[in-house]
Amino acid sequence: MRGSSRQRFYVEEHGQGEPLLLLEGLGQSLWAWREQIPVFADHFRTIAFDTRGTGRSPVPDVPYGIDELTQDAADVLGGRKAHIVGLSMGGYVALTLALARPELVRSLVLVGTGAGGPDRVPRPQDVREAYAAAIGLPFDEYGRRTMPLTFSPGWTERNPERFEEILVARGEHPTPDVTLDAHLRACYGIYARGCEVERIDAPALVVHGDADVIVPVENGRALAARLPNARYVELPGRGHNVQLEDPATVNELVLEFLAE
């Protein structure tokens, strides 16, 4: 394991082999991959970093969007060609990287994400209202209110100890509101312009839970249909943070895909 400040980001690298880069979702830092890093590191040089403005990476004082987050990912790779695993907002970054810097992308794993654009299916109104109602709450209470929405219905009640562990990990390096706002604006940018995924040649695995209310499953289905070289796996009864909700299945799917 190595922690560093390459390009002023907090970066960890584990294991040996072909590089594999993990890109987490809106407001998330390394805790989002706590179930993946040790497993993937047995097979790959697994690279993960705290996204701009989160965790142990600095909070910038200038505006930024998906293009800048994509450059961050390229900087962390430092010219290495890698398998890219992107979750939610990290999927938008992964897709943009594949278009802007295809020489850095061996393959794509896209989890709980989409391609944006006018045909994007937004989250349900009640979910938007639940997030809006939580604005201004203390960090811990905001997480306790909203995080259950990122899992399938009833998962947090059935798995209270796991949920508490995730909340603790999330709270070790709290994401400030300014970063949440910046990430949200970045996502709105790609929602508006969309992503020309038809131009991506890299092999892709698209994984989506059909109980996802953050990025509804229709987005994953459409993404897989538009990508020229994609395999689609839909997980019944799983929510948005499927890598935490059902890590065994996600890890198996990723390793099988990358072994092909």
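Which helices each supply at least two residues of the lining of the largest pocket? They are α3, α4 (125-134), α5 (139-146) and α8 (177-193). Helices here are DSSP runs of H or I with at least four residues, strands are E runs of at least two, and both are numbered from the N terminus. A pocket is an open set of points on a 1 Å grid over the protein atoms alone, with protein on both sides within 12 Å along at least five of seven lines, and its lining residues have an atom within 4 Å of a point.

Before we go further, a word on what you are looking at. This is a predicted model, in which local features need pLDDT of at least 70 and side-chain atom pairs count only at pLDDT 80 or more, while totals for chains, interfaces and linings use all residues. Residues are numbered from 1 along each chain as its sequence is written, and side-chain values use heavy atoms, with hydrogens and water left out.

Let us start with the whole chain. Eleven helices and eight strands make up its secondary structure, and the C-alpha trace spans about 45 × 40 × 35 Å along its principal axes. The radius of gyration is 17 Å, which agrees with the value near 18 Å that a compact globule of 260 residues would have; this radius is taken over C-alpha atoms, and the globule rule is 2.2 Å times the number of residues to the power 0.38. Of the 260 residues, 54% count as buried, meaning under 20% relative accessible area with a 1.4 Å probe and protein chains only.

Now for the interior. In soluble globular proteins, nonpolar side chains tend to be buried together. The largest nonpolar core has 47 residues, and L21, I84, L95, L108, L110 and L227 touch the most other members. Such a core is a set of buried Ala, Val, Leu, Ile, Met, Phe, Trp, Tyr and Cys residues joined through side-chain atoms within 4.5 Å. Helix α3 provides the largest share of this core, seven residues. Apart from it lies another core of 23 residues, including F40, L87, L235 and L253.

Back to the largest pocket, which holds about 1,100 Å³ of space; a volume is the space filled by probe spheres set on the points, and grid points are joined across faces, edges and corners. Of its 45 lining residues, L26, R123, Y131, Y142 and L184 are the closest to its centre. Helix α8 gives the most to this lining, with seven residues. By class, the lining divides into 25 nonpolar, 14 polar and six charged residues. Here Ala, Val, Leu, Ile, Met, Phe, Trp, Tyr, Cys and Pro count as nonpolar, Asp, Glu, Lys and Arg as charged, and the others, Gly among them, as polar.

One cavity of 30 Å³ or more turns up in the whole structure, a cavity being a set of points where a 1.4 Å probe fits but cannot get out. The largest cavity has about 90 Å³ of space. Leaving aside neighbours within four places in sequence, D72 is in contact with F9 and R52, where contact means heavy atoms within 4.5 Å.

Terms used: Buried < 20%, exposed > 50% of the residue type's maximum accessible area, 1.4 Å probe, protein only.
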